[in-house]
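This report describes a group of annotated residues and their surroundings. The sequence and structure come first.

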Amino acid sequence: MFKGIYHGKQCHAADIPTVLARAWAAGIDRIIVTGGSLKESREALEIAETDGRLFCMVGVHPTRCGEFEESGDPEGHFQALLALAKEGIAKGKVVSVGECGLDYDRLHFCPADIQKKYFKKQFELAEAVKLPMFLHMRAAGEDFCEIVSENLYRFPGGVTHSFTGTAEDRDKLLSFDKMFIGINGCSLKASENLEVLQGIPAERMMIETDSPYCDIKNTHAGINFVKSVWPSKKKEKYEPDSTVKGRNEPCLVRQVLEVVAGCKGIADIEGLSKTLYHNTCKLFFPQDLDASADAQLESGTAVQNS
């Protein structure tokens, strides 16, 4: 969609630079580009190399796990992922393994047994490169948590992103000390979602867009908490100064922050923002926190979590 292509049809020119400019203007410091397959992970690294504020991950989405066996050489496919991850780490760009996990809502794309087999395999990837994991869980809470539990020793931490699960799913994820829960527009659709969200401590939460998907729509339960809006046009009437209706983009993460704050009754939205930012750095950019702590120690000031 950021190439202007929707369902195979070219509707407007590619506009990644424009989208990024809006993100930086909105106060975003860094963006992590998600990989959904070996091919997409390569493309994510290429994109990340275009700007010092862009980073990426390497992994295979549960609905795409058939690619391991379709390649004709599953182990060779895994080794190619490992080589790409190592290349990206050496370039200072790859910060996570993912997106990987289980998606039982879309078994028509990949059966559960294949999903489970290669979800487990990607813990091997995380262990080899010592990176945190960016995880996907849809209608698969029991199997997902069982596999995570069996592999906790293999990865330094993770975030279960785009969370839409039950209170039981939430509590099970929170029982894993090194697991964060990621919230986006898909997490904010129904009043039941907002009730589950209220039980996630800010210290264990991250926010995201998952763009170009998971925007907050006018029908969503949390829409009344949204204060920041950008002009938008339909894709057929594209204008560079406007967002595209129905296409999510990074600047709109501000709306997710506003809904989380409103839903949890938090008046200090900037304080919440700092907590969520700290959580993200703690998992994906721990060297930043180390450098910040060192600088504060050297200057004789107390170390604050911010």
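## His61

In this predicted model, His61 is buried, with a relative accessible area of 10% (buried means under 20% relative accessible area, exposed over 50%, partly exposed in between, with a 1.4 Å probe and protein chains only). His61 sits in the loop between strand 4 (54-58) and helix 3 (66-70); helices (H or I, at least four residues) and strands (E, at least two) are DSSP runs, numbered from the N terminus. Leaving aside residues up to four places away in sequence, His61 touches Gly36, Glu99, Asp103, Arg106 and His136, where contact means heavy atoms within 4.5 Å.

## Basis of the values

Residues are numbered from 1 along each chain as its sequence is written, and side-chain values use heavy atoms, with hydrogens and water left out. Because the model is predicted, local features need pLDDT of at least 70 and side-chain atom pairs count only at pLDDT 80 or more, while totals for chains, interfaces and linings use all residues.

An unreviewed UniProt entry lists Glu99 and Asp210 under "binding site". These two are spread over 112 residues of sequence but cluster in space, with a largest C-alpha distance of 11.0 Å. UniProt positions are given in the numbering used here, feature names are shortened, and annotations may be inferred rather than shown by experiment.

Glu99 belongs to strand 5 (residues 94-103) and is buried at 7% relative accessibility. Beyond residues up to four places away in sequence, its contacts include His61, His136 and His161. Asp210 is in the loop between strand 9 (205-207) and strand 10 (232-233).

His136 lies in strand 6 (residues 133-138) and is buried, with a relative accessible area of 4%. His161 is part of strand 7 (residues 158-161) and counts as buried at 2% relative accessibility. Among the residues that His161 touches are Glu99, His136 and Asp210.

## Polar contacts of His136

The side chains of Glu99 and His136 are joined by a polar contact of 2.8 Å. A polar contact is a pair of N or O atoms within 3.5 Å; within protein, one must be able to donate a hydrogen and the other to accept it, and residues adjacent in sequence count only if both atoms are side-chain atoms. The His136 side chain also makes a polar contact with the side chain of His61, at 3.5 Å.
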